[in-house]
Amino acid sequence: MTVTDEELVARSIAGDTESFDQLILRWERPIYALAYRQIGREEDARDIVQDAFLRAFRALPGFKGEAKFSSWLYRITLNLCRDFMRRARRAPFAPTPEGRDVEDMASAERSTAESIEDILTRQDLSRHVARAMGTLPEEQRSAILLKEYHGLTFQEIAELQGCPLSTVKTRLYQGLTVLRRELDRRGTGPERAEGSRTP
Amino acid sequence: MNDPRYCGNSDILMSYLYEDGDEHERRAFEAHLQGCGRCATDAAELRAVRKDLAAWTPPETVLDFRVVRDPAPARSRWAWLTPPPLPAWAQLAAASLVVGVAVGLSGLEIRYDQQGLVVRAGWSKPAATRAADASTAAKPAGADAPWRADLVAVQEQLRNEWRQSLPVSATAGQGQASPIGSGKAMSDGEYMARVRQLIEASEMRKDRDLALRLTQVVRDMDTQRRADMARVADGLGVLEGRTGAAVAQQREMMNYLVRVSQKQQ
């Protein structure tokens with residue numbers, strides 16, 4: 001039987017560090033993905049993951065369980081990303097270095113199913129999406145990341161961003177519209193994509 | 001069909017697109033899409049953007065964060081000599097006090113005249129001047145200075161703070177193990193144990209990194225091999241085609257020669 005986050009949190013507060021290790025194991029990948037997509041640098045994203053868990057560990061006694069543990073962790077991570085970007089005074093970007101993408105993207109199960117052309121096409125699209133996401137304001141980008149890649153509900157995002165539900169939807173709509181325009185401009189947009197999908 | 005309830009309503013469009021929100025409303029919007037080309041195009045294009053977003057994956061990385069507790073430092077028998085850590089403001093006040101006293105004792109002189117800006121400490125003055133100064137300053141240096149009272153007050157406040165913080169930090173330091181990184185002194189043995197632990201962790205991380213790199217190299221080689229194989233197959237195909245063409249040409253030539261020789265006969 002899988003132990004819930006709430007149970008692991010309670011045990012961690014009681015001093016069981018192994019339970020917190022389990023929470024780390026459970027959430028380090030999503031947190032890394034969120035941090036990476038926010039700031040676009042692998043090393044910095046790793047640092048932010050470490051910092052996020054460290055902060056969570058220290059603040060655990062004050063965690064009342066009003067929100068889900070994951071939402072709380074996402075909030076810490078987004079705050080750290082915001083601090084990082086302010087400190088560094090740079091916009092996010094995700095330039096995966098040349099020559100490494102095929103390795104990164106051609107994981108064992110994919111390499112058997114996808115041809116090199118597929119991998120390269122996806123790599124290209126991935127780079128375009130990353131660059132297009134980098135043009136979005138922080139709130140829109142966070143809203144899209146939390147909805148698209150982490151499956152949070154509108155309500156959860158609204159609580160996390162501290163804004164009304166309708167604002168979240170507006171941010172999503174505006175963000176997606178900008179992405180559509182950006183991807184169109186780079187020639188990888190929905191029109192081309194749709195065209196290539198339809199037989 | 002244009003419907004002001006739905007057309008240009010991003011709220012409903014987002015609820016429909018992400019299937020999050022009132023189901024009745026979403027169904028109504030779906031029905032609206034059947035008759036409204038503009039909304040249908042909008043929805044289709046945004047759905048395509050969502051599909052493109054799925055292509056963006058973060059690179060693989062090694063994440064093995066664990067909670068590591070520092071061993072609780074054993075109390076040295078000289079620990080009572082070590083003062084408890086002071087708050088930042090107290091340290092700043094102490095530093096100001098030291099600088100103030102040093103400036104007072106050195107008899108710092110700052111003058112700006114025709115010779116320019118002159119900054120001189122008491123001991124760097126000529127002997128004659130120093131003697132003159134000594135005679136004029138028979139009373140203790142800065143005894144009537146206005147900052148003297150302030151310094152005494154700060155000194156007193158620091159002492160009080162120190163006295164108050166002593167029992168609290170002494171009791172807190174014994175029972176409580178700092179979770180991650182405590183500022184207490186460690187013995188040599190503990191340092192060595194900690195260093196060994198860190199080295200082991202580092203070696204493990206390097207091993208994992210190496211394994212990951214090896215896997216990536218193998219994967220890369222495999223990808224390259226498949227690309228090479230495809231290229232070789234293409235090349236062979238081309239060669240085969242050329243060879244076939246050459247053979248056909250030779251056959252035609254032979255036939256021609258045979259025909260010519262038959263005619264001559």
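A crossing is left-handed if the near helix is turned anticlockwise from the far one by less than a right angle, and right-handed if clockwise. I start my notes with that, since handedness comes up below.

I am working with a predicted model, where local features need pLDDT of at least 70, side-chain atom pairs count only at pLDDT 80 or more, and totals for chains, interfaces and linings use all residues. Residues are numbered from 1 along each chain as its sequence is written, while chains are lettered from A and ligands numbered from 1 in the order in which they are written.

**Two helices of chain A.** I looked up helix α2 (residues 17-39) and helix α4 (residues 69-88) of chain A; their axes (lines fitted to C-alpha atoms over the stretch in contact) come within 10 Å and cross at roughly 30°. That makes α2(A) roughly parallel to α4(A), a label for angles under 35 degrees. α2(A) passes α4(A) in a right-handed crossing. Residues making this contact include A:Trp27 and A:Ile31 of α2(A) and A:Leu73 and A:Phe84 of α4(A); contact means C-beta atoms, placed from the backbone, within 7 Å.

**Chain B.** I find 7 helices and 2 strands here, which are DSSP runs (H or I, at least four residues, for helices; E, at least two, for strands). From the N terminus on, they run α-α-α-α-β-β-α-α-α.

**Where the chains meet.** Chain B gives 36 residues to the contact and chain A gives 49. On the side of chain B that touches chain A, α3(B) supplies the largest share, 8 residues.

Conventions:
Axes fitted to C-alpha atoms, helices over the stretch in contact; angles between N-to-C directions. Parallel < 35°, antiparallel > 145°, perpendicular 65-115°, else oblique. Contact = placed C-beta atoms within 7 Å.
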